[in-house]
Amino acid sequence: MVTYSRAEWAALASHSSALGGEVELAPREEVVEVFLPLLRIIEERRPFVIGVTGSVAVGKTTFCRVMQQLISEAIGPVEIVSTDGFLYPTRVLEAQGIMHLKGFPRSYDRAKMHRFLADLRAGKAANAPVYSHETYDVVEGGGRSLENPGMVIFEGVAAFYDPASIDLAIYLDADEEVVEQWFLARLLGLRERAEPDSFYWQFRQMATDEFLDRARGVWREVNLVNLRENIAPTQEYADVVLRKESDHHISRITIRERSQPL
């Protein structure tokens with residue numbers, strides 16, 4: 001295991017030409033000092049499936065969108081697939097009495113996830129199911145077919161549940177108290193932007209303090225428990241661990257030997 005400071009990691013960037021233009025979702029210095037050295041690892045290893053995981057609200061989606069833009073410019077086409085699409089539909093979770101465990105391992109159709117990854121690796125057309133954060137449910141009958149993608153970024157809290165299918169595993173890490181604040185801010189944003197058909201519309205008339213109290217309860221009783229029991233332990237499969245600070249600044253990068261799955 002080797003840990004680099006931000007400055008040490010930035011020195012590993014072998015080229016700046018990968019940055020063809022501005023990246024809207026990340027500051028230029030973050031792209032140059034963190035993402036470009038990471039591109040060098042991707043180029044050297046030429047992974048097919050890049051797994052990205054970490055806590056709910058740690059910034060996985062934004063990180064992956066930045067990676068998608070840079071990989072597309074420097075290496076070739078890449079698709080992003082979220083593990084949220086492999087959650088069981090709400091009707092199934094409610095029928096099984098596990099709606100309160102949404103996001104926990106048992107709430108995912110792991111057999112379906114394994115088939116998807118196996119089809120990708122076998123060069124077969126693979127259907128990526130889709131999840132809607134607005135309706136808070138899987139889009140049944142939805143999905144998109146991936147046929148011979150150049151590379152796939154597989155992101156979500158469940159991304160390392162099939163570690164043997166991940167070629168390069170990246171874990172985003174941050175203090176629990178910091179992630180809680182990001183989680184609360186995200187829920188406030190979803191409530192603010194909610195339309196009548198959104199899951200969060202029901203909370204529009206709720207007092208902000210009451211809404212935040214409820215959100216803190218969800219964090220403590222669901223997301224924090226899931227992080228400690230199921231997500232953080234998968235860090236042992238990570239090839240790269242990126243440490244984030246309260247301003248989303250990546251301060252430390254650790255390259256490690258991945259543990260072999262049982």
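This is a predicted model: local features need pLDDT of at least 70, side-chain atom pairs count only at pLDDT 80 or more; totals for chains, interfaces and linings use all residues.
Two strands count as paired here if DSSP finds at least two bridges between them. Val 2 stands opposite Ile 255 in strand 11.

Seven strands make up an open sheet in the order 1-11-10-9-2-8-3, and the pairing is mixed. Strand 1 (2-5) and strand 3 (79-82) sit at the edges, each pairing on one side only. Going from one strand to the next, the twist averages 20 degrees.

Helices lie against this sheet. Helix 2 (residues 28-45) packs on it and touches strand 2 (49-54), strand 9 (168-173), strand 10 (240-244) and strand 11. The direction of helix 2 makes about 155 degrees with that of strand 9. Helix 5 (residues 110-121), for its part, lies across strand 2, strand 3 and strand 8 (152-155), and it runs at about 165 degrees to strand 8.

With strand 9 it runs parallel, joined by four bridges, and Ile 170 has Val 240 as its bridge partner in strand 10. With strand 11 it runs antiparallel, joined by five bridges, and here Val 241 has Thr 254 as its bridge partner. Strand 10 and strand 11 also form a hairpin with five residues between them, and in the turn His 248 has a positive phi of about 70 degrees.

Finally, the whole chain. It has seven helices and eleven strands. Its radius of gyration is 18 Å, close to the 18 Å that the globule rule gives for 262 residues, so the chain is as compact as a globular protein of that length. The C-alpha trace spans about 50 × 40 × 35 Å along its principal axes. Buried residues make up 51% of the 262. Among contacts with a separation of 6 or more, 71% come from residues 24 or more positions apart. The chain exposes about 12700 Å², and carbon and sulfur atoms supply 47% of that area.

Technical notes:
Residues are numbered from 1 along each chain as its sequence is written. Side-chain values use heavy atoms; hydrogens and water are left out. Helices (H or I, at least four residues) and strands (E, at least two) are DSSP runs, numbered from the N terminus. Axes are lines fitted to C-alpha atoms, for helices over the stretch in contact, and angles run from 0 to 180 degrees between N-to-C directions. Contact means heavy atoms within 4.5 Å. The radius of gyration is taken over C-alpha atoms; the globule rule is 2.2 Å times the number of residues to the power 0.38. Buried means under 20% relative accessible area, exposed over 50%, partly exposed in between (1.4 Å probe, protein chains only). Accessible areas come from the Shrake-Rupley method with a 1.4 Å probe; for residues, only the protein chains shown count as cover.
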